Amino acid sequence: MVNRFLERTVEVRLDGNQAGRDHSLELEYYWLESDISGQDGKEAQKAYGVEIVEKRSGIKDENKKFENIYFNREKIKSLVELLAENTVTPLHLPYILDDLLGT
C-alpha cells in the first residue's frame with residue numbers, strides 16, 4: 001500500500017487566447033511512502049516516491065507518479081520541493097527525473 005502526502009500546491013496562470021479569458025491550472029506535488037518487503041529475513045523498509053497531479057477547473061486532468069526512488073524521506077521531500085519550485089508538470093516529470101537521477 002502506498003501512502004501519499006501533499007507537500008505543495010502551485011497555481012499556474014495561463015494567458016488565454018479565447019475571448020480574452022485567462023486560464024489556469026493547479027499542480028499538486030505529493031511525496032509517496034511505501035513498505036518494501038525485506039528479503040532473506042531482513043525487515044521491511046520505507047521507500048519514497050513522487051506524484052504530480054494536474055487539475056484544470058478543479059478536475060484532475062493528468063497525473064504521473066514514480067515509486068521507490070529513495071529510502072530517505074528528507075531526500076524525497078527535497079526533490080518534491082525542487083519540482084514544485086520549478087513548476088514541473090506530470091508530462092515532464094519522467095524527463096526531469098531522468099536528468100536529476102540519471103536513471
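F5 stands opposite W31 in strand 2. The model is a predicted one: local features need pLDDT of at least 70, side-chain atom pairs count only at pLDDT 80 or more, and totals for chains, interfaces and linings use all residues. Residues are numbered from 1 along each chain as its sequence is written, and side-chain values use heavy atoms, with hydrogens and water left out.

Strand 1 and strand 2 run antiparallel, joined by 12 bridges. Strands here are DSSP runs of E with at least two residues, and helices are runs of H or I with at least four, both numbered from the N terminus. Two strands pair if DSSP finds at least two bridges between them.

N3 also lies in strand 1. N3 is partly exposed, at 30% relative accessible area. The scale is this: buried means under 20%, exposed over 50%, and partly exposed in between, with a 1.4 Å probe and protein chains only. Leaving aside residues up to four places away in sequence, N3 touches W31, L32 and E33. Contact means heavy atoms within 4.5 Å. N3 and W31 are 28 residues apart in sequence, and 8.5 Å separates their C-alpha atoms.

Strand 2 (residues 23-36) and strand 3 run antiparallel and are joined by 12 bridges. Y30 faces E51 of strand 3 across this pairing. E28 stands opposite V53 in strand 3. I36 has Q45 in strand 3 as its bridge partner.

## The hairpin and two positive phi values

Strand 3 and strand 4 pair in the antiparallel sense over 8 bridges. Y48 stands opposite Y70 in strand 4. The two strands, strand 3 and strand 4, form a hairpin with 2 residues between them. S57 sits in that turn, in the loop between strand 3 (45-56) and strand 4 (59-70).

Most residues other than glycine have a negative phi. S57 has a positive phi, near 55°. S57 is exposed, with a relative accessible area of 73%. N68 also has a positive phi, near 55°. N68 is placed in strand 4. Its relative accessibility is 40%, so N68 counts as partly exposed.

## Helices on the sheet

Axes are lines fitted to C-alpha atoms, for helices over the stretch in contact, and angles run from 0 to 180 degrees between N-to-C directions.

## Helix 1 against helix 2

At what angle do helix 1 and helix 2 pack? Helix 1 (residues 73-85) and helix 2 (residues 93-101) meet at about 125°, with axes 12 Å apart. That angle makes helix 1 oblique to helix 2. Angles under 35 degrees count as roughly parallel, over 145 as roughly antiparallel, 65 to 115 as roughly perpendicular, and the rest as oblique. The crossing of the two helices is right-handed. A crossing is right-handed if the near helix is turned clockwise from the far one by less than a right angle, and left-handed if anticlockwise.

Helix 1 brings L79, L82 and L83 to this contact, and helix 2 brings L93, I96, L97 and L100. The contact residues divide into 7 nonpolar, no polar and no charged. Ala, Val, Leu, Ile, Met, Phe, Trp, Tyr, Cys and Pro count as nonpolar, Asp, Glu, Lys and Arg as charged, and the others, Gly among them, as polar.

## L93

Not counting residues up to four places away in sequence, L93 touches V50, I52, K64, F66, L83 and V88. L93 and L32 are 61 residues apart in sequence and 15 Å apart in space, C-alpha to C-alpha.
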